[in-house]
Amino acid sequence: MSNKSSYLFILFAVLIAFVVFSSEKEYFSLLREPMKLSLPKGFPTPAYNFQKNKLNAKVFNLGRQLFYDPILSADGSISCGSCHQQIAAFAHIDHALSHGIYGKIGKRNVPALQNLIWNTSYMWDGGVNNLEVQPINPITNPIEMNESLAHVVQKLNASVKYKTLFFKAYNDSLINSERLLKALAQFTGLLISADAKYDRVMAKADTFTTQEQQGFQLYKVKCANCHPAPLFTDNSMRNNGLPIDTALHDDGRATITHQSGDKNKFRVPSLRNCEMTYPYMHDGRFRKLKEVIAHYNNQSKMERNYDRSINKIGTLTAEEQQALVLFLKTLTDKTFLYDRRFADPNNQ
């Protein structure tokens, strides 16, 4: 290679490196210090506010590493990210029911992880009420990760990688369950979705099509009671009339409260990114939005103790059902679904 060719090659390589570095620095601006929680306009005050878990870029990055690391499971085969896939708003599009270690199958669909700091409860049955302790459930569940916090901490302490990451995050070498859970809370707590077409329309930066507008009007009249904007969930526990799956024997909220009135009540999920969070319902029985709407469109076939607010939906024509589906698709937030800050760091 001539001196001129070598010079041009080196110059080109330096230019590419500069462009990549510059774009990375700009893209990861959320992770610059000091980190501040920037709430989307119009969103309510979060239930979880990071006051006792001060936001820090290095803690966030530690949480991201932990989220995607199968070290949290007993056999090293399952990570949080195995079931919570970013392209599905951190739900699971491959299976109707959750899959755990040793190929074990759970009895509930994997819920989406988005806008979690506004949740007042977690899990389909509302059995957890704090973002920081939520990971304990899947980590210790024998069907999911089948681990103990004590053993996870032991494995992390034996890892040179994690001793380094914890030191960077907390300025000392202490690795314990509290720091593990706080780091995961920083990562999952910042999984904020608020840049769908709907949000741009509300900000007067975009417009609905005629059918989307029709669907929006239908949503406000028939769906907003349980799925109010901007979170598109009221965080309540309700019986939505699904006939009971006799193979799963899932009593929902009653599993926690042991109250007969809570039988078959499940947490109202957010409609945000619902185009991508299939299959639907707590048991993943529906794969298409039109199937979900068809269920609500026929109250006569619902389980007898269903929430009577569903009657507000009434009977929708085929045209109205299609318009409602088109509106729901305006809640898809591609910025969130492809945000590299939330992606598996091992694939970047």
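Author: A helix axis is a line fitted to C-alpha atoms over the stretch in contact, and angles run from 0 to 180 degrees between N-to-C directions. The model discussed here is predicted. In it, helix α5 (residues 149-157) packs against helix α7 (residues 177-189) with the axes 10 Å apart, at an angle of about 90°.

Reader: Why is α5 called roughly perpendicular to α7?

Author: Angles of 65 to 115 degrees count as roughly perpendicular. The angle between α5 and α7 is about 90°, so α5 is roughly perpendicular to α7.

Reader: Which residues make the contact of α5 with α7, and how do they divide by class?

Author: From α5 come Leu149, Val152, Val153 and Leu156, and from α7 come Ser177, Leu180 and Leu181. By class, 6 are nonpolar, 1 is polar and none is charged.

Reader: What makes α2 and α6 roughly antiparallel?

Author: The term is used for angles over 145 degrees. Helix α2 (residues 57-67) and helix α6 (residues 160-170) pack at about 150°, with their axes 8 Å apart. The two are therefore roughly antiparallel to each other, and their crossing is left-handed.

Reader: What residues make the contact of α2 with α6?

Author: On the α2 side they are Lys58, Val59, Leu62, Gln65 and Leu66; on the α6 side they are Lys161, Tyr162, Leu165, Phe166, Lys168, Ala169 and Tyr170. This contact has 8 nonpolar, 1 polar and 3 charged residues.

Reader: How do you know whether Val201 is buried or exposed?

Author: Buried means under 20% relative accessible area, and exposed means over 50%. Val201 has 13%, so Val201 is buried. Val201 lies in helix α8 (residues 197-202). Leaving aside residues up to four places away in sequence, Val201 touches Asp206, Thr207 and Phe208. Ala169, one of the α6 residues in the contact with α2, is 32 residues from Val201 along the chain, and their C-alpha atoms are separated by 39 Å.

Reader: How do you know whether the radius of gyration of the protein chain agrees with that of a compact globule?

Author: For 348 residues a compact globule would have a radius of gyration near 20 Å; the protein chain has 22 Å, so the value agrees. The C-alpha trace spans about 80 × 50 × 40 Å along its principal axes.

Reader: What else describes the protein chain as a whole?

Author: The protein chain has 13 helices and 2 strands. Buried residues account for 49% of its 348 residues. Of the contacts between residues at least 6 apart in sequence, 68% join residues at least 24 apart.

Terms used: Residues numbered from 1 in each chain as written. Predicted model: local features only at pLDDT ≥ 70, side-chain atom pairs only at ≥ 80, totals over all residues. Heavy atoms only, no water. Helix = DSSP H or I, 4+ residues; strand = E, 2+ residues; numbered from the N terminus. Parallel < 35°, antiparallel > 145°, perpendicular 65-115°, else oblique. Left-handed = near helix turned anticlockwise from the far one by under 90°. Contact = heavy atoms within 4.5 Å. Nonpolar A, V, L, I, M, F, W, Y, C, P; charged D, E, K, R; others polar. Rg over C-alpha atoms; globule rule 2.2 N^0.38 Å. Buried < 20%, exposed > 50% of the residue type's maximum accessible area, 1.4 Å probe, protein only.
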